Every structure is written in C-alpha cells, then in structure tokens.
Amino acid sequence: MSEPVVGGTPLIPMPALTPAALRVAVAQIAPAHLPAFVEHLDRAAEQSAQQSTIAPLRAFLQWWGEFVAVQRHPARAARLRELEAVAAEADDREALDAAVAEIQDILAAARREAAA
C-alpha cells in the first residue's frame, strides 16, 4: 500500500466534528465549497427530521470531516485531484488500479484523522 501524501504543516488544526467547527474550517480552507456545505447541512437536517434519526447528520459530519482532513493539507488535496484525473483518463487497468489504490489510501488517512 502506498503512503498518502501529506507534506508540510496543515493549514489549520483538525476541527471537532460539529457543524459550527466544520463550517469555520471550510470557510478558511475551501471557501468556494461553503455553499455546498450549507446545502448539505440543510438537507441532512431535513432528512433527520423526516426520518426521526440522526443518521443523515452523522453522515454529513463524517463527509465534511474527511473533506477538511484532506483539504487542510494542500499537498494531499493536490495529489487527490491528480489521482482523480488519472483515474478518469486511465486507459489501462493497471493505471486505474494504482490510482484508485492511492485514492483509497488518502481517504483512509482522512477518515482516521476525522475520527481522532
């Protein structure tokens, strides 16, 4: 398994997995994604109310926690974008498999950071 690219000091500390803390983090490191964050939060809150479960809110917090964990490391975020482009344009199975494996490594590292 390849080691995910982290490179350098994170732009911000990993925030708590709360809507308020994640909103601040997204505003700092990826402000262009703030409208998607707000829309996703509204949708998750609505689904939670309709379904009488917190599962949609938990999924929201996990998704945005992982997003922040990736984006707070510029080298990691850049590498993920590169790998996504490689996977989208791969013309052989070996290149696709290698890109997907490294993407999975990066996302697993982000998942661990978000859970810590």
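The points below go from the overall fold to single residues.

1. Overall make-up. This is a predicted model, and the comments should be read with that in mind. The protein has 5 helices and 0 strands, so the order along the sequence is simply α-α-α-α-α. Its C-alpha atoms fill a box of roughly 45 × 30 × 25 Å along the principal axes.

2. Burial and contacts. The protein has 116 residues, and 34% of them count as buried. Among contacts with a separation of 6 or more, 59% join residues 24 or more positions apart.

3. Main core. The largest nonpolar core holds 14 residues. L22, V26, F37, F60, W64, F67 and V68 are those with the most contacts inside it. Helices α1 (19-29), α2 and α3 each supply at least two residues of this core, and α3 gives the largest share, with 5 residues. In soluble globular proteins, nonpolar side chains tend to be buried together.

4. L22 and its partners. Leaving aside neighbours within four places in sequence, L22 is in contact with P15, A16, L17, F37, L61, W64, G65 and V68. Three of the names in that list, F37, W64 and V68, are also among the core residues with the most contacts.

5. Second core. There is also a separate core of 9 residues. A69, A77, L83 and I103 are included in this second core.

6. Packing of α2 on α3. Two packed helices are described by the angle between their axes and the distance between the axes. For α2 (residues 34-51) and α3 (residues 55-71), the angle is about 155° and the axes are 8 Å apart. Angles over 145 degrees count as roughly antiparallel, and α2 and α3 are therefore roughly antiparallel to each other.

7. On the α2 side the residues are A36, F37, H40, L41, A44, A45, Q47, S48 and Q51. They meet P56, L57, F60, W63 and W64 in α3. The residues of this contact divide into 10 nonpolar, 4 polar and no charged.

8. S48. Is S48 buried or exposed? S48 lies in α2 and has a relative accessible area of 8%. The cut-off for buried is under 20%, so S48 counts as buried. The side chain of S48 reaches the backbone nitrogen of L57 at 3.5 Å. Not counting residues up to four places away in sequence, S48 touches T53, I54, P56 and L57.

9. S52. This residue is found in the loop between α2 and α3. Most residues other than glycine have a negative phi. S52 is exposed, with a relative accessible area of 69%.

10. D97. This residue lies in helix α5 (residues 93-115). D97 is partly exposed, with a relative accessible area of 38%. How far apart are D97 and A87 in space? Their C-alpha atoms are 8.2 Å apart, and the two residues are 10 residues apart in sequence.

Technical notes. Residues are numbered from 1 along each chain as its sequence is written. This is a predicted model: local features need pLDDT of at least 70, side-chain atom pairs count only at pLDDT 80 or more; totals for chains, interfaces and linings use all residues. Side-chain values use heavy atoms; hydrogens and water are left out. Axes are lines fitted to C-alpha atoms, for helices over the stretch in contact, and angles run from 0 to 180 degrees between N-to-C directions. Helices (H or I, at least four residues) and strands (E, at least two) are DSSP runs, numbered from the N terminus. Angles under 35 degrees count as roughly parallel, over 145 as roughly antiparallel, 65 to 115 as roughly perpendicular and the rest as oblique. Contact means heavy atoms within 4.5 Å. Ala, Val, Leu, Ile, Met, Phe, Trp, Tyr, Cys and Pro count as nonpolar, Asp, Glu, Lys and Arg as charged, and the others, Gly among them, as polar. Buried means under 20% relative accessible area, exposed over 50%, partly exposed in between (1.4 Å probe, protein chains only). A polar contact is a pair of N or O atoms within 3.5 Å; within protein, one must be able to donate a hydrogen and the other to accept it, and residues adjacent in sequence count only if both atoms are side-chain atoms. A nonpolar core is a set of buried Ala, Val, Leu, Ile, Met, Phe, Trp, Tyr and Cys residues joined through side-chain atoms within 4.5 Å.
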